Amino acid sequence: MLKLTRKQKHSENAIKEERAAYLFLIPAFLGLSLITYIPLLTTFIMGFFNLNVGHLVQNSPLGSPEFVGLNNFVDIFENPSIDFLNSITVTVTYALMAVFASIVYSFFIAVLLNRKIPARGFFRAVFYVPYVLPAAASMVTWYFLFNYDGGIINYLLVQMGFDKSYFMSSSDTVMQSLTMIAVWSCGNLIVIFLAGLQNVPKVYHEAADIDGANFIKRFIHITIPCMTPIIFYNMLMSLVINIQVVIPALAITKGGPGKSTMFMSYLMYQIGFRGRELGKAGAIAFIFFIVAAILAFILFATSKAWIFYEGKDERR
């Protein structure tokens with residue numbers, strides 16, 4: 001037999017590695033298909049049918065679901081009782097406010113906790129704990145703290161000479177109040193920022209310090225550029241979490257005051273599970289997916305202009 005050349009051996013090894021890679025990717029692919037892609041496709045298909053909860057019952061007197069084409073998609077936009085455009089506006093507004101405020105706050109706290117201060121480990125735990133608390137319980141607690149008549153926060157405001165605030169009881173202040181709660185519970189972002197700050201090369205700071213740069217200049221020209229990949233990651237994760245917001249509406253506001261907290265996820269719950277109109281809920285869910293995808297695409301598209309990668313002369 002002829003001996004295999006080095007090139008042929010390399011080719012055979014590459015084929016074996018490729019087969020092994022595909023083999024190990026099968027569980028991940030099945031998981032994504034069963035948990036993400038198939039339900040997403042099913043939801044999209046549901047949007048084209050007049051599907052009621054009763055249709056899912058065996059031997060239902062309602063018969064088979066009726067195909068209605070784009071009627072569900074048109075109705076959720078035109079039906080004033082649904083007011084879907086308001087729901088999109090409310091959801092996107094809250095998500096953008098929460099993402100911006102959470103990133104600024106968590107980055108600021110991470111910078112402080114990264115310095116050598118007494119009881120640093122204790123303070124890190126204190127800022128992380130709100131993230132692991134049950135969301136519904138935290139929301140109810142904040143509701144009592146924000147209460148207009150007996151809330152501790154309003155009591156403190158009066159003691160300091162300020163007027164009371166309605167917080168969650170007014171459509172003018174409820175969004176800001178929920179944003180404050182989102183910021184309070186972003187301990188996971190602080191931990192990720194802390195990990196990133198500890199990986200910023202010290203040699204850059206030492207060189208800048210020798211050149212006479214103060215803390216602010218080092219922070220702006222060294223820390224922030226080196227942290228831009230972490231900032232991007234946290235922005236993306238925060239966007240994904242906050243755009244799916246539903247706990248405040250379920251636990252406290254019920255979509256109010258007015259419709260100022262009628263988030264898309266809560267609207268889906270109201271129509272699909274309370275109203276039992278699964279077809280319209282499916283149409284809302286698919287539009288919801290498109291809105292989230294557009295925001296994520298914008299974030300990815302703009303990231304090339306401001307993310308700095310160490311070792312690269314140009315931003316990519």
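**View 1. Left-handed crossing of helices α3 and α4 in the predicted model.** In this predicted model, α3 passes α4 in a left-handed crossing, a term for a near helix turned anticlockwise from the far one by less than a right angle. The axes of α3 (residues 84-113) and α4 (residues 120-132) come within 10 Å and cross at roughly 165°; they are lines fitted to C-alpha atoms over the stretch in contact, with angles from 0 to 180 degrees between N-to-C directions. The two helices are therefore roughly antiparallel, the description for angles over 145 degrees. From α3, Tyr105, Ile109 and Leu113 meet Arg120, Phe123, Arg124 and Phe127 of α4, where contact means heavy atoms within 4.5 Å. These residues divide into five nonpolar, no polar and two charged; Ala, Val, Leu, Ile, Met, Phe, Trp, Tyr, Cys and Pro count as nonpolar, Asp, Glu, Lys and Arg as charged, and the others, Gly among them, as polar. Helices (H or I, at least four residues) and strands (E, at least two) are DSSP runs numbered from the N terminus.

**View 2. Covered helix α8.** Eight of the 11 residues of α8 (residues 187-197) are buried, that is, under 20% relative accessible area, against over 50% for exposed and in between for partly exposed (1.4 Å probe, protein chains only). Among them are Leu189, Ile190, Phe193 and Leu194. The buried residues of α8 pack against α3, α4 and α10 (215-243).

View 3. Most residues other than glycine have a negative phi, and most peptide bonds are trans. Asp83, in the loop between α2 (71-78) and α3, has a positive phi of about 50° and is partly exposed at 30% relative accessibility. Arg276, in the loop between α12 and α13 (278-303), has a positive phi of about 65°. The peptide bond from Gly256 to Pro257 is cis, with omega near -5°; Pro257 is found in the loop between α11 (247-253) and α12 (264-274).

**View 4. Stacked rings of Phe48 and Phe67.** The whole structure holds 22 aromatic pairs, defined by ring centres of Phe, Tyr and Trp (its six-membered ring) within 6.5 Å. Phe48 and Phe67 are stacked, at 6.5 Å centre to centre and 15° between the planes; stacked denotes planes under 30 degrees apart, edge-to-face over 60 and tilted the rest. Phe48 is buried at 18% relative accessible area, whereas Phe67 is exposed at 55% relative accessibility.

Residues are numbered from 1 along each chain as its sequence is written. Local features need pLDDT of at least 70 and side-chain atom pairs pLDDT 80 or more, while totals for chains, interfaces and linings use all residues, and side-chain values use heavy atoms, without hydrogens and water.

How values were computed:
Parallel < 35°, antiparallel > 145°, perpendicular 65-115°, else oblique.
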